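Reader: I have a model open and want to learn how to read it. Where do we start?

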Amino acid sequence: MSRRGVLTVISGPSGVGKGTIIKRLFEIEDNLYFSVSATTRKPRDGEIDGVHYNFKSREEFEHDIETGEMLEHATFSGNYYGTPRSAIEQRLSVGKDVVLDIEIQGAKNVKKMLPEAVLIYILPPSIDELKRRLIGRNTEDAESLERRFKTAYQELHEAPEMYDYFIVNDVVDNAATKIKDIIEGERCSKNAMQDVLKQILEEAENLA
Ligand code: ADP
Ligand code: 5GP
């Protein structure tokens, strides 16, 4: 009997470094599955369809919503983003640990459906540094920058109520190691170990 997989949700304001940290996390911990989201936003330079996102038209995305293929979805900065249902529950049930990179509404919905999910929020060292990073990434036009900053400030108000852990992304390696350590701890949680505990109890009862 194996333990259940740990579902880790990672959120944080646009440009804080989620993608960068998650890339590092997968270099230092290979026993994880990254859930590739679907989105209607256009690919950035270097983004690969099926690796960073499944890039879709609005029609395709809306079709996936209607057919129930999305575990959750949200609109962020004028585009749809959503988590495919199929890969996740099946993996958790066989003890695979799953990582999601999703915004706050999505995190809220995931927590409602799967209350055992572990919610981690990534913070910038300062708001000035967050701005520097998002502008420095050079992927957004002025309008998108404005929308993303506005959303960041709204998220930052809501996050303290919702998330279980907060990690400041000062140094990428340190932030990635902290996530790795949290997941390692959660692998021993009551929820993750429930099937193992049940089996031991059954064995003990047979002895009694
Ligand atoms: P997000 O996925 O949260 O939108 P990214 O991972 O794309 O953010 O990072 C935004 C920018 O900040 C990128 O240019 C990235 O190289 C840079 N960055 C990420 N983490 C750090 C850090 N700890 N120190 C300095 N720059 C960082
Ligand atoms: P970006 O366009 O910068 O890649 O992502 C924008 C925001 O969408 C980020 O906050 C990211 O976490 C979020 N996001 C990515 N995939 C999903 C998803 O499947 N569902 C939800 N709700 N948000 C997502």
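Reader: How many bridges join strand S3 to S6, and do the two run parallel or antiparallel?

Author: First, a caution: this is a predicted model. Now the general idea. Strands of a sheet pair through backbone hydrogen bonds, and the pairing can be parallel or antiparallel. Here, S3 (residues 38–39) and S6 are joined by two bridges and run antiparallel. You can find one pair by eye: threonine 39 has tyrosine 81 in S6 as its bridge partner.

Reader: What is the order of the strands in the open sheet?

Author: Read across it: S4-S3-S6-S5, four strands with mixed pairing. S4 (54–55) and S5 are the edge strands. Each has a single partner strand, so one side of each lacks a neighbour in the sheet.

Reader: Now the ligands. Which residues are closest to ligand 2?

Author: Start with the shell, then look at who supplies it. Ligand 2 is surrounded by 16 residues, and the closest are Arg41, Tyr53, Glu72, Tyr81 and Asp101. Tyr81 is also the partner of threonine 39 in the sheet. Strands S5 (70–76) and S6 (79–84) each give at least two residues to this shell. Its make-up is seven charged, five nonpolar and four polar residues.

Reader: Which polar side-chain atom lies 2.6 Å from a nitrogen atom of ligand 2?

Author: One from glutamate 72. A polar side-chain atom of tyrosine 53 is 2.6 Å from an oxygen of ligand 2, and one of serine 37 is 2.7 Å from an oxygen of ligand 2. Next, check cover. On its own, ligand 2 has 520 Å² of accessible area, and the protein covers 96% of it. Ligand 2 sits in the largest pocket.

Reader: And ligand 1: which helix gives the most to its shell?

Author: H1, with three residues. Helix H1 (18–28) and helix H5 (127–137) each supply at least two. In total, 13 residues surround ligand 1, with Gly15, Lys18, Gly19, Thr20 and Arg137 the closest. By class, six are polar, four charged and three nonpolar.

Reader: How much of ligand 1 does the protein bury?

Author: Taken alone, ligand 1 exposes 570 Å², and 72% of that is buried by the protein. The space ligand 1 takes is the largest pocket.

How values were computed: Residues are numbered from 1 along each chain as its sequence is written. Chains are lettered from A and ligands numbered from 1 in the order in which they are written. This is a predicted model: local features need pLDDT of at least 70, side-chain atom pairs count only at pLDDT 80 or more; totals for chains, interfaces and linings use all residues. Side-chain values use heavy atoms; hydrogens and water are left out. A residue is near a molecule or strand if one of its heavy atoms lies within 4 Å of it. A polar contact is a pair of N or O atoms within 3.5 Å; within protein, one must be able to donate a hydrogen and the other to accept it, and residues adjacent in sequence count only if both atoms are side-chain atoms. Accessible areas come from the Shrake-Rupley method with a 1.4 Å probe; for residues, only the protein chains shown count as cover. On a 1 Å grid over the protein atoms alone, a cavity is a set of points where a 1.4 Å probe fits but cannot get out, and a pocket is an open set with protein on both sides within 12 Å along at least five of seven lines; lining residues have an atom within 4 Å of a point. A molecule sits in a cavity or pocket if more than half of its atoms lie within 2 Å of its grid points. Ala, Val, Leu, Ile, Met, Phe, Trp, Tyr, Cys and Pro count as nonpolar, Asp, Glu, Lys and Arg as charged, and the others, Gly among them, as polar. Two strands pair if DSSP finds at least two bridges between them.
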